[in-house]
Amino acid sequence: MYNASKFPSFLNGCGGLLFSWGDNFHGLVTLGTRFDGATFVSNSMIMQGTTEQNGFMREAIRLAADNVQKGGGPFGAVVVLDGCIIGSGANRVTTSLDPTAHAEITAIREACRHLGHWQLTGCEIYSSCEPCPMCLGAIYWARPAALYFASTREDAASIHFDDAFIYRELQQPLEARSIPTFQLLRDEGLRVFSAWETNPDKIRY
Ligand SMILES: [Zn+2]
């Protein structure tokens, strides 16, 4: 459940527990609609957000800035459903000794706990920075309706968070990647897949 005490001035319309822009939503800027509720400038993916969208992005950025003050990484994210924040996160890699504790992953985990589901159907994710490949993968697995980010992977690279490097690695063949990567025991690995395929109680996801 989202910690409402973080946002005492914004509690309205979300059951007293979640962050909402309530009646502050004033509709769309009309510049070539690409998604429902999202508008884009010319052919790029850069958009002028609505009051509500900009508010959620500013909250992600605020989480990032707050995290910097606490000695953490400069990244924040929120997950939004029906105008309410149902999950938020900041980068906790160094403070929790967890290389996977990125803002988006943390926010997705909190949102899924809130929903009681492994999928973020109908949700939007706002991240203060373009997601790294790990988080982008998690976002695709979570299947939200849309993703918004503020600064880019190139901006992150300029302050030595080299997400761009991992994006380049993904395009390399296995033998050319910087972390030596090998395949072993494929037949034994495949037996697990057979067990999954024949399990009548499996939950597909
Ligand atoms: Zn990440």
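Hi everyone, let me begin with one residue. If we set aside the neighbours within four places in sequence, Trp-118 is in contact with Cys-112 and Tyr-205. Keep in mind that this is a predicted model.

Where does Trp-118 sit? You will find Trp-118 in the loop that runs between H2 and strand E6, residues 124-129. Is Trp-118 buried or exposed? Trp-118 counts as exposed, because there are 12 C-beta neighbours inside 10 Å, and 12 or fewer is the cut-off for that class. Have a look at Ile-108 as well: Trp-118 and Ile-108 are 10 residues apart in sequence, and their C-alpha atoms are 9.2 Å apart in space.

Now let me step back to the whole chain. There are 6 helices and 7 strands. Following the sequence, the order is β-β-β-α-β-β-α-β-α-β-α-α-α. The chain has 205 residues, and 30% of them count as buried. Looking at contacts between residues at least 6 apart in sequence, 43% join residues at least 24 apart.

Next, a pair of helices. Two packed helices are described by the angle between their axes and the distance between the axes. So, what are those values for H2 and H3? The axes of helix H2, residues 103-115, and helix H3, residues 133-142, come within 9 Å, and they cross at roughly 25°. That angle is why H2 is described as roughly parallel to H3. The crossing of H2 past H3 is left-handed.

Which residues make this contact? From H2 we have Glu-104, Ile-105 and Ile-108, and from H3 we have Cys-135, Ala-138, Ile-139 and Ala-142. Sorted by type, the residues of the contact of H2 with H3 are 6 nonpolar, no polar and 1 charged.

Helix H1 covers residues 51-69, which is 19 residues, and reaches 27 Å from its first C-alpha to its last, close to the 27 Å expected at 1.5 Å a residue. Which residues of H1 are buried? They are Glu-52, Gln-53, Phe-56, Met-57, Glu-59, Ala-60, Ile-61, Leu-63, Ala-64 and Asn-67. After H1 comes Gly-71, with a positive phi near 90°.

Helix H6, residues 186-198, has 13 residues, and the reach from its first C-alpha to its last is 19 Å, close to the 18 Å expected at 1.5 Å a residue. How many residues of H6 are buried? The count is 0 among its 13 residues, and H6 is hardly covered.

Finally, a word on backbone angles. Most residues other than glycine have a negative phi. Arg-143 has a positive one, about 55°, although it is not a glycine. Arg-143 lies in the loop between H3 and strand E7, residues 146-151. Arg-143 counts as partly exposed because it has 13 C-beta neighbours inside 10 Å.

Leu-185 also has a positive phi, near 55°, and is a residue other than glycine. This residue belongs to the loop between helix H5, residues 163-170, and H6. With 8 other C-beta atoms within 10 Å, Leu-185 is exposed.

Conventions
Residues numbered from 1 in each chain as written. Predicted model: local features only at pLDDT ≥ 70, side-chain atom pairs only at ≥ 80, totals over all residues. Helix = DSSP H or I, 4+ residues; strand = E, 2+ residues; numbered from the N terminus. Expected span 1.5 Å × (residues − 1). Buried ≥ 20, exposed ≤ 12 C-beta atoms within 10 Å, placed from the backbone. Axes fitted to C-alpha atoms, helices over the stretch in contact; angles between N-to-C directions. Parallel < 35°, antiparallel > 145°, perpendicular 65-115°, else oblique. Left-handed = near helix turned anticlockwise from the far one by under 90°. Contact = placed C-beta atoms within 7 Å. Nonpolar A, V, L, I, M, F, W, Y, C, P; charged D, E, K, R; others polar.
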